[in-house]
Amino acid sequence: MIGPATNVKSSIQPRESALSMEQFQGETLSWNVKDGTIELALHREPLNEIGSLTLGELEKFIAALEELGGEAHALIVYSTLKSGFCAGADLRELYQWIKQFGRSEVANHARTYLERIHRVMNVIDASPLTTIAAVHGVTFGGGFELALVCDLIIADKMARFCFPELRLGLIPGYGGIPRLKRDLGNAVVRDLLLTGRSFNSNKAQQIGLVSQVVGEGEALRVARATAAQLGKFDRTTAAAAKRFIKPIPHEELQREIDLFCELIARPAVELGLKKFVESTDTQPYLA
Amino acid sequence: MWKAQTHNPTWPSKLRTDMSNTDQVLDEVMQLAASHFKVPPEKLSPDDDFFKALGIDSLQTLDLLTKLENHFRVELPDYELQGVSDFRTLAGKIQARL
């Protein structure tokens, strides 16, 4: 069931324009459909940071997904950038919000934004298609959260995962904690969240996050091969199996938004973001 | 130019073994870094600042970290590497997890 998609459905384009939905070239992402597989490619330099622009195009994508779903059996999400899948939220934009709205108002702005991105994540999460994240390199924060909404994660052996948000005085805000908790034991979730350490694909597979670890540069190819295999299965059964095994933790997702908005108005967050934005450290991702 | 110093006969055998392992790790770290970032290995020294010697930024450092973890089959938490910038100390951190 795709509960939160109600608002999106209302914006579905007339059938005449559905063909144009089969491919899209935006500033931050693009998609196309081939052999029953929708491929969503992220391509915003420097590392697919998710801000308002990406969110707007993701909203276009989920509107198209509603239309395209009937023609496809699989969705692959990947990055065309060499440096990685996605570094997460656009922290510079987040810092700008605090500067622009002030700490008293930023929580309201953050809530509106988070509700929009949660809607996107929930639609992909609950899509009747089988969804695959093909990741490589940096898969951090919101990028990790985007991978977690997918049914399968296929990881290049050079992929690296991390929830660095505590370094900024925040928690992951795009649904990361409830989805990690859905997939992993609580002790592992605490380790990843509370230490903020990054870990590689082998570790990710060992703890049950990643379904396949593949050679460098092979994630997309293997994802396509997997998607081709999925095309042999009856779609109704596959969608029913997914609904059965992958419930969306709506209540915890809402609590995550509430907690994020409580935390973002604190001076510690402004300081953390300022430090990141102004950092000349050679290792800002490890600090 | 760095030279391995692993065979001082006056050292106790346990220390010789440990030093040998550490030097071997150091050698492999430098070889791996040189190969991955296409830097001539003879241009690297154990006490070099690897950011400068390899000409790498923070994202490429993550690549190096992943390469090393995969090669040595160890986990290297980021916080253990904070402030580490030379090959010798890096090799020591790896050795401590072997």
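Visitor: What percentage of the 98 residues of chain B counts as buried?
Guide: Residues are numbered from 1 along each chain as its sequence is written, while chains are lettered from A and ligands numbered from 1 in the order in which they are written. The model is predicted, local features need pLDDT of at least 70, side-chain atom pairs count only at pLDDT 80 or more, and totals for chains, interfaces and linings use all residues. A residue is buried if 20 or more other C-beta atoms lie within 10 Å of its own, exposed if 12 or fewer, and partly exposed in between, with C-beta atoms placed from the backbone. For the 98 residues of chain B, the buried share is 22%.

Visitor: Which pattern does chain B follow along the sequence?
Guide: Helices (H or I, at least four residues) and strands (E, at least two) are DSSP runs, numbered from the N terminus. Chain B has 5 helices and 0 strands. Read along the sequence, the pattern of chain B is α-α-α-α-α.

Visitor: Is A:V149 buried or exposed?
Guide: A:V149 belongs to helix α4 (residues 141-149) of chain A. Beyond its neighbours within four places in sequence, A:V149 is in contact with A:M121, A:I124, A:D125 and A:R179. Because A:V149 has 23 C-beta neighbours inside 10 Å, it counts as buried.

Visitor: At what angle does α4(A) run to β7(A)?
Guide: Strands pair if DSSP finds at least two bridges between them. Strand β7 (residues 138-140) of chain A pairs in the parallel sense with strand β9 (residues 160-162) of chain A over 3 bridges, in an open sheet of 4 strands with mixed pairing and the order β5-β7-β9-β10 (chain A). Axes are lines fitted to C-alpha atoms, for helices over the stretch in contact, and angles run from 0 to 180 degrees between N-to-C directions. Lying across β5, β7 and β9 of chain A, α4(A) runs to β7(A) at about 85°.

Visitor: Which are the edge strands of the open sheet of 7 strands?
Guide: The order in this sheet is β1-β2-β3-β4-β6-β8-β11 (chain A), with mixed pairing. Inside chain A, β6 (residues 130-135) and β8 (residues 152-156) run parallel and are joined by 4 bridges; A:A134 stands opposite A:I154 in β8(A). The strands that pair on one side only are β1 (23-25) and β11 (212-214) of chain A.

Visitor: How are α3(A) and α11(A) oriented to each other?
Guide: The axes of helix α3 (residues 91-126) and helix α11 (residues 267-277), both of chain A, come within 9 Å and cross at roughly 135°. Angles under 35 degrees count as roughly parallel, over 145 as roughly antiparallel, 65 to 115 as roughly perpendicular and the rest as oblique. The orientation of α3(A) and α11(A) is therefore oblique.

Notes. Contact = placed C-beta atoms within 7 Å.
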